[in-house]
Amino acid sequence: MTAPVNKTPSAKKKSTFKCPDCGSACRVTNSKIFGNTYKEFNASCTSDKCGGRYVFGSEPVRILTPSQTPNPMIDLPMHDHSGQNQNPKEV
Ligand SMILES: [Zn+2]
């Protein structure tokens with residue numbers, strides 16, 4: 001199963017990364033996929049005063065709802081729906 005690669009940067013999405021130094025939004029300039037699930041993003045802070053550039057990492061950590069077409073190469077734990085260990089806050 002190969003996921004379609006969406007290369008169109010037309011959709012202006014709000015950045016999901018915040019500058020760790022000044023807290024401004026970071027603009028993703030490049031991304032790389034490592035292995036099956038881990039992805040890294042090069043991102044630049046949008047604040048002119050800051051000018052920081054960072055590498056952010058992103059990967060799925062738990063399964064909320066199992067896929068109908070699971071990838072046998074990945075092994076993720078199920079999310080604990082029992083209410084213990086709740087996420088502190090949905091952003
Ligand atoms: Zn910054």
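Here is a walk through this structure, from its overall layout down to a few single residues.

Before we start, keep in mind that this is a predicted model, in which local features need pLDDT of at least 70, side-chain atom pairs count only at pLDDT 80 or more, and totals for chains, interfaces and linings use all residues. Residues are numbered from 1 along each chain as its sequence is written.

Let's begin with the big picture. The protein chain has 0 helices and 3 strands, and from the N terminus on its elements run β-β-β. Both words come from DSSP runs: helices are H or I with at least four residues, strands are E with at least two, and the numbering goes from the N terminus.

As for pairing, two strands count as paired if DSSP finds at least two bridges between them.

β1 and β2 pair in the antiparallel sense over 8 bridges. They also form a hairpin with 3 residues between them, and Gly-35 in the turn has a positive phi of about 65°. Look for Lys-32, whose bridge partner in β2 is Glu-40. Val-28, in turn, stands opposite Ala-43 in β2. On to the other pair: strand β2 (residues 38-45) is joined to β3 by 6 bridges, and these two run antiparallel. Here Phe-41 faces Phe-56 in β3, while Ser-44 is opposite Arg-53 in β3.

Next, what about the inside and the outside? Of the 91 residues of the protein chain, 4% count as buried. A residue is buried if 20 or more other C-beta atoms lie within 10 Å of its own, exposed if 12 or fewer, and partly exposed in between, with C-beta atoms placed from the backbone. Ala-43, in strand β2, is buried because 23 other C-beta atoms lie within 10 Å. Leaving out residues up to four places away in sequence, Ala-43 touches Phe-17, Cys-26, Arg-27, Val-28, Thr-29, Tyr-54 and Phe-56. Being in contact here takes C-beta atoms, placed from the backbone, that lie within 7 Å. Ala-43 and Ala-25 are 18 residues apart along the chain, and their C-alpha atoms are separated by 9.4 Å.

Is Cys-50 partly exposed or buried? Cys-50 counts as partly exposed, because it has 15 C-beta neighbours inside 10 Å. Not counting residues up to four places away in sequence, Cys-50 touches Cys-19, Asp-21, Cys-22, Ser-24 and Cys-45. Take Ser-24 from that list: it is 26 residues from Cys-50 along the chain, with 8.8 Å between the C-alpha atoms.

Finally, step past the sheet. Glu-59 is in the segment after β3, and with 14 C-beta neighbours inside 10 Å it counts as partly exposed. Apart from neighbours within four places in sequence, Glu-59 is in contact with Thr-37, Tyr-38 and Lys-39. Glu-59 and Lys-39 are 20 residues apart in sequence, and 6.1 Å apart in space from C-alpha to C-alpha.

Ile-63 lies in the segment after β3 too. Ile-63 is partly exposed, since it has 13 other C-beta atoms within 10 Å. Setting aside neighbours within four places in sequence, Ile-63 contacts Leu-76, Met-78 and His-79. Ile-63 and Pro-77 are 14 residues apart in sequence and 6.2 Å apart in space, C-alpha to C-alpha.

To zoom back out, think about contacts across the chain. Among those between residues at least 6 apart in sequence, 24% join residues at least 24 apart.

Conventions: Contact = placed C-beta atoms within 7 Å.
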